[in-house]
Amino acid sequence: MKIAVAGKGGSGKTTISGTLARLWARDGRDVLALDADTNPMLGITLGLGPEETDLVLGVRQGLDTGETEHAPSVDEMIETFGRDAPDDVRLVVASRIDQIDPG
Amino acid sequence: MRLAVAGKGGSGKSFVAGTLARVLARQGRRVLVLDSDPMPGLGISLGMGPMADDMLAGAVERGEDDRWRLRKGIGAARAVQQFSATGPDGVRLLQFGKPDHDGLGPIMGSLNGFTQVVHRLARDGVLAGWTIIGDLPAGPRQTAYNWAPYAERFLVVVEPTWQSVLTGRRVSRLAAARGTAGVAVVVNKVRDAADVEFVGAEVGMAPLAAVPADPTVRDADRSGVAPIDAAPGAPAVVAVRDLADRLTEPAGTVAGPNSEGAAT
(Lines give C-alpha, C1' and ligand atoms only; values in the text may rest on other atoms or scores of the structure.)
Protein backbone atom coordinates (compact mmCIF):
# COMPACT_ATOMS: atom_id res chain seq x y z
CA MET A 1 0.00 0.00 0.00
CA LYS A 2 1.37 3.40 -0.99
CA ILE A 3 -0.46 6.57 0.05
CA ALA A 4 0.22 10.24 -0.64
CA VAL A 5 -1.37 12.85 1.65
CA ALA A 6 -2.04 16.34 0.27
CA GLY A 7 -3.98 19.49 1.14
CA LYS A 8 -3.68 23.12 2.22
CA GLY A 9 -1.11 24.26 4.78
CA GLY A 10 -2.35 23.80 8.31
CA SER A 11 -5.16 21.45 7.29
CA GLY A 12 -3.60 18.51 9.15
CA LYS A 13 -1.70 16.53 6.49
CA THR A 14 1.22 15.87 8.81
CA THR A 15 -0.96 14.91 11.77
CA ILE A 16 -2.94 12.41 9.69
CA SER A 17 0.18 11.02 7.98
CA GLY A 18 2.14 10.56 11.19
CA THR A 19 -0.76 9.01 13.07
CA LEU A 20 -1.63 6.61 10.22
CA ALA A 21 2.01 5.53 10.08
CA ARG A 22 2.10 4.79 13.81
CA LEU A 23 -1.22 2.93 13.76
CA TRP A 24 -0.23 0.70 10.86
CA ALA A 25 3.18 0.04 12.38
CA ARG A 26 1.43 -1.12 15.54
CA ASP A 27 -0.66 -3.48 13.40
CA GLY A 28 2.62 -5.12 12.38
CA ARG A 29 3.16 -3.50 9.00
CA ASP A 30 6.58 -2.27 7.83
CA VAL A 31 5.99 1.44 7.42
CA LEU A 32 8.12 3.92 5.50
CA ALA A 33 7.11 7.51 6.32
CA LEU A 34 8.38 9.78 3.55
CA ASP A 35 8.45 13.49 4.32
CA ALA A 36 8.38 15.14 0.89
CA ASP A 37 7.86 18.66 2.24
CA THR A 38 10.93 20.93 1.97
CA ASN A 39 9.83 22.17 5.39
CA PRO A 40 9.79 18.68 6.93
CA MET A 41 7.72 18.33 10.12
CA LEU A 42 6.56 14.72 9.96
CA GLY A 43 8.97 13.77 12.76
CA ILE A 44 6.86 15.83 15.17
CA THR A 45 3.65 13.86 14.63
CA LEU A 46 5.53 10.56 14.48
CA GLY A 47 6.79 11.31 17.97
CA LEU A 48 10.47 12.09 17.39
CA GLY A 49 10.30 15.37 19.27
CA PRO A 50 11.18 18.84 17.97
CA GLU A 51 14.97 18.68 18.40
CA GLU A 52 15.32 15.37 16.57
CA THR A 53 12.84 16.40 13.89
CA ASP A 54 14.89 19.50 13.19
CA LEU A 55 18.05 17.42 12.73
CA VAL A 56 16.94 14.64 10.37
CA LEU A 57 19.10 14.99 7.28
CA GLY A 58 17.42 15.44 3.90
CA VAL A 59 18.39 12.77 1.36
CA ARG A 60 19.18 15.45 -1.15
CA GLN A 61 21.44 17.37 1.24
CA GLY A 62 23.06 14.11 2.32
CA LEU A 63 23.85 13.19 -1.28
CA ASP A 64 25.05 16.74 -2.07
CA THR A 65 27.51 16.78 0.81
CA GLY A 66 29.03 13.58 -0.51
CA GLU A 67 28.20 11.17 2.25
CA THR A 68 28.00 8.43 -0.38
CA GLU A 69 30.33 7.98 -3.33
CA HIS A 70 28.01 6.29 -5.81
CA ALA A 71 24.40 6.85 -6.75
CA PRO A 72 22.77 4.74 -4.07
CA SER A 73 19.72 2.54 -4.49
CA VAL A 74 16.45 3.46 -2.85
CA ASP A 75 17.07 0.86 -0.16
CA GLU A 76 20.50 2.33 0.53
CA MET A 77 19.06 5.84 0.78
CA ILE A 78 16.46 4.65 3.27
CA GLU A 79 19.18 2.87 5.21
CA THR A 80 21.72 5.70 5.11
CA PHE A 81 19.56 8.77 5.56
CA GLY A 82 16.46 7.41 7.25
CA ARG A 83 15.82 7.43 10.93
CA ASP A 84 13.81 5.16 13.19
CA ALA A 85 10.77 6.68 14.84
CA PRO A 86 8.59 5.07 17.56
CA ASP A 87 6.88 1.75 16.68
CA ASP A 88 9.76 1.18 14.21
CA VAL A 89 8.36 3.52 11.60
CA ARG A 90 11.23 4.43 9.26
CA LEU A 91 11.29 8.17 8.54
CA VAL A 92 12.98 9.51 5.41
CA VAL A 93 13.17 13.23 4.68
CA ALA A 94 13.53 13.94 0.95
CA SER A 95 14.91 17.47 1.04
CA ARG A 96 15.16 20.31 3.51
CA ILE A 97 15.52 23.99 2.63
CA ASP A 98 17.99 25.27 5.16
CA GLN A 99 20.06 27.84 3.28
CA ILE A 100 19.43 30.85 1.12
CA ASP A 101 20.01 30.50 -2.58
CA PRO A 102 22.95 32.80 -3.28
CA GLY A 103 21.84 33.41 -6.91
CA MET B 1 7.14 50.51 4.42
CA ARG B 2 7.75 47.25 2.63
CA LEU B 3 6.97 43.94 4.34
CA ALA B 4 6.96 40.25 3.49
CA VAL B 5 4.76 37.91 5.54
CA ALA B 6 6.02 34.34 5.92
CA GLY B 7 5.52 31.29 8.12
CA LYS B 8 4.09 27.81 8.30
CA GLY B 9 0.94 26.77 6.45
CA GLY B 10 -2.16 27.63 8.40
CA SER B 11 -0.37 30.00 10.77
CA GLY B 12 -2.42 32.95 9.53
CA LYS B 13 -0.10 34.67 7.05
CA SER B 14 -2.91 35.69 4.70
CA PHE B 15 -5.11 36.85 7.56
CA VAL B 16 -2.31 39.05 8.91
CA ALA B 17 -1.23 40.32 5.48
CA GLY B 18 -4.76 40.97 4.24
CA THR B 19 -6.04 42.62 7.41
CA LEU B 20 -2.89 44.70 7.80
CA ALA B 21 -3.28 45.92 4.24
CA ARG B 22 -6.88 47.01 4.84
CA VAL B 23 -6.02 48.73 8.14
CA LEU B 24 -3.12 50.67 6.62
CA ALA B 25 -5.19 51.63 3.58
CA ARG B 26 -7.89 53.04 5.87
CA GLN B 27 -5.23 55.22 7.45
CA GLY B 28 -4.77 56.81 4.04
CA ARG B 29 -1.74 54.89 2.83
CA ARG B 30 -1.38 53.66 -0.71
CA VAL B 31 -1.12 49.91 -0.27
CA LEU B 32 0.06 47.28 -2.72
CA VAL B 33 -0.33 43.63 -1.77
CA LEU B 34 1.69 40.95 -3.54
CA ASP B 35 0.35 37.42 -3.71
CA SER B 36 2.99 34.90 -4.75
CA ASP B 37 1.06 31.87 -3.54
CA PRO B 38 -0.20 29.62 -6.35
CA MET B 39 -3.02 28.55 -4.05
CA PRO B 40 -6.04 30.71 -3.16
CA GLY B 41 -6.35 32.47 0.19
CA LEU B 42 -5.29 36.11 0.24
CA GLY B 43 -8.19 37.32 -1.90
CA ILE B 44 -10.66 36.20 0.77
CA SER B 45 -8.70 37.80 3.62
CA LEU B 46 -8.66 41.07 1.67
CA GLY B 47 -12.32 40.86 0.73
CA MET B 48 -11.73 40.88 -3.02
CA GLY B 49 -13.94 39.33 -5.66
CA PRO B 50 -12.81 36.98 -8.41
CA MET B 51 -9.86 38.12 -10.54
CA ALA B 52 -7.90 36.99 -13.57
CA ASP B 53 -5.82 33.82 -13.21
CA ASP B 54 -3.05 35.38 -15.28
CA MET B 55 -3.14 38.97 -14.11
CA LEU B 56 0.18 40.07 -15.60
CA ALA B 57 -0.10 38.23 -18.93
CA GLY B 58 -0.54 41.55 -20.75
CA ALA B 59 2.59 43.03 -19.17
CA VAL B 60 5.02 40.62 -20.84
CA GLU B 61 6.17 39.50 -24.24
CA ARG B 62 8.63 36.89 -25.44
CA GLY B 63 12.01 38.14 -26.64
CA GLU B 64 14.02 36.74 -29.55
CA ASP B 65 15.75 34.48 -27.06
CA ASP B 66 12.28 33.13 -26.20
CA ARG B 67 12.51 34.53 -22.68
CA TRP B 68 9.69 36.46 -21.08
CA ARG B 69 10.37 40.13 -20.55
CA LEU B 70 8.30 43.15 -19.54
CA ARG B 71 6.90 44.95 -22.58
CA LYS B 72 8.49 48.21 -23.58
CA GLY B 73 7.42 51.08 -21.32
CA ILE B 74 6.25 48.81 -18.52
CA GLY B 75 8.12 49.20 -15.27
CA ALA B 76 7.02 48.36 -11.77
CA ALA B 77 4.80 51.44 -11.28
CA ARG B 78 3.15 51.04 -14.67
CA ALA B 79 2.51 47.37 -14.03
CA VAL B 80 0.81 48.22 -10.74
CA GLN B 81 -1.23 50.97 -12.38
CA GLN B 82 -2.33 48.95 -15.35
CA PHE B 83 -2.59 45.36 -14.20
CA SER B 84 -3.29 45.24 -10.46
CA ALA B 85 -6.77 44.54 -9.13
CA THR B 86 -8.32 47.12 -6.81
CA GLY B 87 -10.05 45.93 -3.67
CA PRO B 88 -11.88 47.47 -0.71
CA ASP B 89 -10.32 50.59 0.81
CA GLY B 90 -8.40 51.04 -2.45
CA VAL B 91 -5.92 48.24 -1.75
CA ARG B 92 -4.14 47.16 -4.94
CA LEU B 93 -3.29 43.51 -5.48
CA LEU B 94 -0.81 41.90 -7.83
CA GLN B 95 -0.63 38.14 -8.03
CA PHE B 96 1.49 35.98 -10.27
CA GLY B 97 -1.46 33.82 -11.10
CA LYS B 98 -3.38 30.76 -10.07
CA PRO B 99 -2.75 27.54 -11.99
CA ASP B 100 -5.75 25.63 -13.31
CA HIS B 101 -5.93 21.92 -14.16
CA ASP B 102 -3.24 22.46 -16.80
CA GLY B 103 -0.72 23.45 -14.13
CA LEU B 104 1.62 26.42 -14.33
CA GLY B 105 1.92 26.37 -18.14
CA PRO B 106 -0.87 28.84 -18.92
CA ILE B 107 0.35 31.38 -16.36
CA MET B 108 4.08 31.28 -17.13
CA GLY B 109 3.98 34.74 -18.75
CA SER B 110 2.18 36.24 -15.78
CA LEU B 111 4.53 34.50 -13.36
CA ASN B 112 7.60 35.86 -15.14
CA GLY B 113 6.11 39.34 -15.28
CA PHE B 114 5.38 39.20 -11.57
CA THR B 115 8.92 38.14 -10.74
CA GLN B 116 10.40 40.97 -12.77
CA VAL B 117 8.07 43.56 -11.30
CA VAL B 118 8.82 42.36 -7.77
CA HIS B 119 12.54 42.79 -8.34
CA ARG B 120 12.04 46.40 -9.47
CA LEU B 121 9.58 47.58 -6.83
CA ALA B 122 12.09 48.90 -4.33
CA ARG B 123 13.94 50.92 -6.98
CA ASP B 124 10.86 52.51 -8.55
CA GLY B 125 10.63 56.16 -7.49
CA VAL B 126 6.93 56.39 -8.30
CA LEU B 127 6.22 53.70 -5.70
CA ALA B 128 8.55 55.19 -3.09
CA GLY B 129 5.72 56.30 -0.80
CA TRP B 130 3.74 53.10 -1.10
CA THR B 131 3.20 50.49 1.56
CA ILE B 132 4.03 47.10 0.07
CA ILE B 133 2.99 43.85 1.71
CA GLY B 134 3.97 40.47 0.25
CA ASP B 135 2.08 37.35 1.33
CA LEU B 136 4.44 34.43 0.76
CA PRO B 137 3.32 30.80 0.44
CA ALA B 138 3.83 28.38 3.32
CA GLY B 139 7.30 27.30 4.34
CA PRO B 140 10.83 28.54 3.72
CA ARG B 141 11.13 28.19 -0.05
CA GLN B 142 10.36 31.70 -1.27
CA THR B 143 12.30 33.26 1.58
CA ALA B 144 15.32 31.13 0.66
CA TYR B 145 14.99 31.90 -3.04
CA ASN B 146 14.66 35.68 -2.73
CA TRP B 147 11.04 36.09 -3.82
CA ALA B 148 10.66 39.19 -1.65
CA PRO B 149 13.70 41.33 -2.54
CA TYR B 150 11.63 44.46 -1.83
CA ALA B 151 11.16 43.58 1.85
CA GLU B 152 12.64 45.85 4.51
CA ARG B 153 11.18 43.58 7.12
CA PHE B 154 9.90 40.02 7.29
CA LEU B 155 6.91 39.38 9.51
CA VAL B 156 7.11 35.74 10.49
CA VAL B 157 3.70 34.49 11.66
CA VAL B 158 3.94 31.68 14.20
CA GLU B 159 1.29 29.79 16.12
CA PRO B 160 2.16 28.19 19.43
CA THR B 161 2.95 24.69 18.10
CA TRP B 162 6.33 23.06 17.54
CA GLN B 163 5.70 22.63 13.83
CA SER B 164 5.01 26.33 13.48
CA VAL B 165 7.89 27.32 15.78
CA LEU B 166 10.48 25.22 13.92
CA THR B 167 9.25 26.69 10.65
CA GLY B 168 9.29 30.22 12.08
CA ARG B 169 12.82 29.73 13.36
CA ARG B 170 14.01 28.49 9.97
CA VAL B 171 12.25 31.24 8.01
CA SER B 172 13.60 33.90 10.41
CA ARG B 173 17.12 32.59 9.96
CA LEU B 174 16.82 32.52 6.17
CA ALA B 175 15.33 36.02 6.04
CA ALA B 176 18.13 37.39 8.24
CA ALA B 177 20.84 35.53 6.31
CA ARG B 178 20.47 37.72 3.25
CA GLY B 179 21.24 40.75 5.38
CA THR B 180 18.81 43.03 3.56
CA ALA B 181 15.78 42.90 5.85
CA GLY B 182 14.87 42.89 9.51
CA VAL B 183 12.78 40.12 11.03
CA ALA B 184 9.87 40.33 13.47
CA VAL B 185 7.72 37.57 14.89
CA VAL B 186 3.93 37.77 15.17
CA VAL B 187 2.36 35.11 17.38
CA ASN B 188 -1.08 34.06 16.17
CA LYS B 189 -3.87 31.92 17.66
CA VAL B 190 -2.75 32.89 21.17
CA ARG B 191 -4.78 31.50 24.08
CA ASP B 192 -2.68 32.70 27.02
CA ALA B 193 0.55 34.44 27.97
CA ALA B 194 2.37 31.10 28.06
CA ASP B 195 1.74 30.72 24.31
CA VAL B 196 3.55 33.99 23.64
CA GLU B 197 6.40 33.07 25.95
CA PHE B 198 6.81 29.67 24.29
CA VAL B 199 7.07 31.15 20.81
CA GLY B 200 9.37 33.97 21.90
CA ALA B 201 11.72 31.62 23.73
CA GLU B 202 11.89 28.98 21.02
CA VAL B 203 12.10 31.24 17.98
CA GLY B 204 14.61 33.31 19.90
CA MET B 205 13.17 36.81 19.72
CA ALA B 206 10.55 38.81 21.58
CA PRO B 207 7.33 38.83 19.53
CA LEU B 208 6.28 42.15 18.02
CA ALA B 209 2.59 41.31 18.36
CA ALA B 210 0.28 38.65 19.75
CA VAL B 211 -2.97 37.89 17.92
CA PRO B 212 -5.53 35.97 19.96
CA ALA B 213 -7.17 32.72 18.89
CA ASP B 214 -10.43 33.99 17.49
CA PRO B 215 -13.17 31.87 15.92
CA THR B 216 -14.52 34.87 14.02
CA VAL B 217 -11.56 34.57 11.61
CA ARG B 218 -12.68 31.10 10.59
CA ASP B 219 -16.34 32.15 10.50
CA ALA B 220 -15.47 35.03 8.18
CA ASP B 221 -13.60 32.65 5.87
CA ARG B 222 -16.58 30.31 5.79
CA SER B 223 -18.82 33.21 4.80
CA GLY B 224 -16.35 34.30 2.13
CA VAL B 225 -15.99 37.71 3.76
CA ALA B 226 -12.81 39.47 4.93
CA PRO B 227 -12.47 39.33 8.73
CA ILE B 228 -12.20 43.12 8.89
CA ASP B 229 -15.60 43.37 7.14
CA ALA B 230 -17.31 40.49 8.95
CA ALA B 231 -16.22 41.51 12.45
CA PRO B 232 -14.23 44.76 12.58
CA GLY B 233 -14.22 44.69 16.39
CA ALA B 234 -13.15 41.04 16.70
CA PRO B 235 -10.15 40.52 18.99
CA ALA B 236 -7.92 39.21 16.20
CA VAL B 237 -8.70 42.18 13.95
CA VAL B 238 -8.07 44.61 16.82
CA ALA B 239 -4.71 42.92 17.43
CA VAL B 240 -3.71 43.41 13.80
CA ARG B 241 -4.70 47.07 14.15
CA ASP B 242 -2.29 47.29 17.10
CA LEU B 243 0.37 45.59 14.97
CA ALA B 244 -0.16 48.23 12.28
CA ASP B 245 0.41 50.95 14.86
CA ARG B 246 3.58 49.28 16.04
CA LEU B 247 4.89 48.91 12.49
CA THR B 248 4.28 52.57 11.68
CA GLU B 249 5.89 53.92 14.84
CA PRO B 250 9.16 55.70 14.15
CA ALA B 251 12.20 53.39 14.10
CA GLY B 252 13.68 52.62 17.48
CA THR B 253 10.44 52.85 19.42
CA VAL B 254 9.16 49.39 18.49
CA ALA B 255 8.21 47.35 21.54
CA GLY B 256 6.77 43.89 22.07
CA PRO B 257 3.27 43.18 23.37
CA ASN B 258 2.84 43.30 27.11
CA SER B 259 1.72 40.15 28.90
CA GLU B 260 -1.79 41.47 29.61
CA GLY B 261 -2.31 42.16 25.93
CA ALA B 262 -1.10 38.69 25.11
CA ALA B 263 -3.46 37.07 27.59
CA THR B 264 -6.63 38.57 26.19
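Mentor: Let us begin with the overall form of chain B. With 264 residues, a compact globule would have a radius of gyration near 18 Å, and chain B, at 18 Å, agrees with that expectation. Please keep in mind that this is a predicted model.

Trainee: What does the C-alpha trace of chain B span along its principal axes?

Mentor: The span is about 60 × 40 × 40 Å. Within chain B there are 11 helices and 10 strands.

Trainee: What percentage of the residues in chain B is buried?

Mentor: Buried residues account for 53% of the 264 in chain B. Of the contacts in chain B between residues at least 6 apart in sequence, 71% join residues at least 24 apart.

Trainee: How is a pair of helices described?

Mentor: One gives the distance between the axes, the angle and the handedness. In chain B, the axes of helix H1 (residues 13–26) and helix H10 (residues 235–248) come within 9 Å and cross at roughly 65°. The crossing of H1(B) and H10(B) is right-handed.

Trainee: Which residues of H1(B) and H10(B) make the contact?

Mentor: H1(B) contributes B:Val16, B:Thr19, B:Leu20, B:Val23 and B:Leu24, while H10(B) contributes B:Val237, B:Val240, B:Arg241, B:Leu243 and B:Ala244. By class, this contact has eight nonpolar residues, one polar and one charged.

Trainee: Which backbone angles deserve attention in the loops?

Mentor: One may look for positive phi values in residues other than glycine. B:Asp66 has a phi near 75°, a positive value in a residue other than glycine. B:Asp66 is placed in the loop between strand S3 (60–62) and strand S4 (68–70) of chain B. Because B:Asp66 has 6 C-beta neighbours inside 10 Å, this residue counts as exposed.

Trainee: What is phi of B:Asn146, and where does the residue lie?

Mentor: Phi of B:Asn146 is near 60°, again a positive value in a residue other than glycine. B:Asn146 belongs to the loop between helix H5 (141–144) and strand S8 (153–158) of chain B. With 17 C-beta neighbours inside 10 Å, B:Asn146 counts as partly exposed.

Trainee: Is B:Arg191 buried or exposed?

Mentor: B:Arg191 is exposed, since 12 other C-beta atoms lie within 10 Å. B:Arg191 lies in the loop between strand S9 (182–190) and helix H7 (193–203) of chain B. B:Arg191 and B:Ile44 are 147 residues apart in sequence and 24 Å apart in space, C-alpha to C-alpha.

Trainee: How does one describe the contact between two chains?

Mentor: The size of an interface is often given as the accessible area lost when the parts come together. Here we count residues: the contact takes 17 residues from chain A and 20 residues from chain B. On the side of chain A that touches chain B, the largest share, three residues, comes from helix H3 (residues 50–55) of chain A. The residues on that side of chain A divide into five nonpolar, eight polar and four charged.

Terms used:
Residues are numbered from 1 along each chain as its sequence is written. Chains are lettered from A and ligands numbered from 1 in the order in which they are written. This is a predicted model: local features need pLDDT of at least 70, side-chain atom pairs count only at pLDDT 80 or more; totals for chains, interfaces and linings use all residues. Two residues are in contact if their C-beta atoms, placed from the backbone, lie within 7 Å. Helices (H or I, at least four residues) and strands (E, at least two) are DSSP runs, numbered from the N terminus. Ala, Val, Leu, Ile, Met, Phe, Trp, Tyr, Cys and Pro count as nonpolar, Asp, Glu, Lys and Arg as charged, and the others, Gly among them, as polar. The radius of gyration is taken over C-alpha atoms; the globule rule is 2.2 Å times the number of residues to the power 0.38. A residue is buried if 20 or more other C-beta atoms lie within 10 Å of its own, exposed if 12 or fewer, and partly exposed in between; C-beta atoms are placed from the backbone. Axes are lines fitted to C-alpha atoms, for helices over the stretch in contact, and angles run from 0 to 180 degrees between N-to-C directions. A crossing is left-handed if the near helix is turned anticlockwise from the far one by less than a right angle, and right-handed if clockwise.
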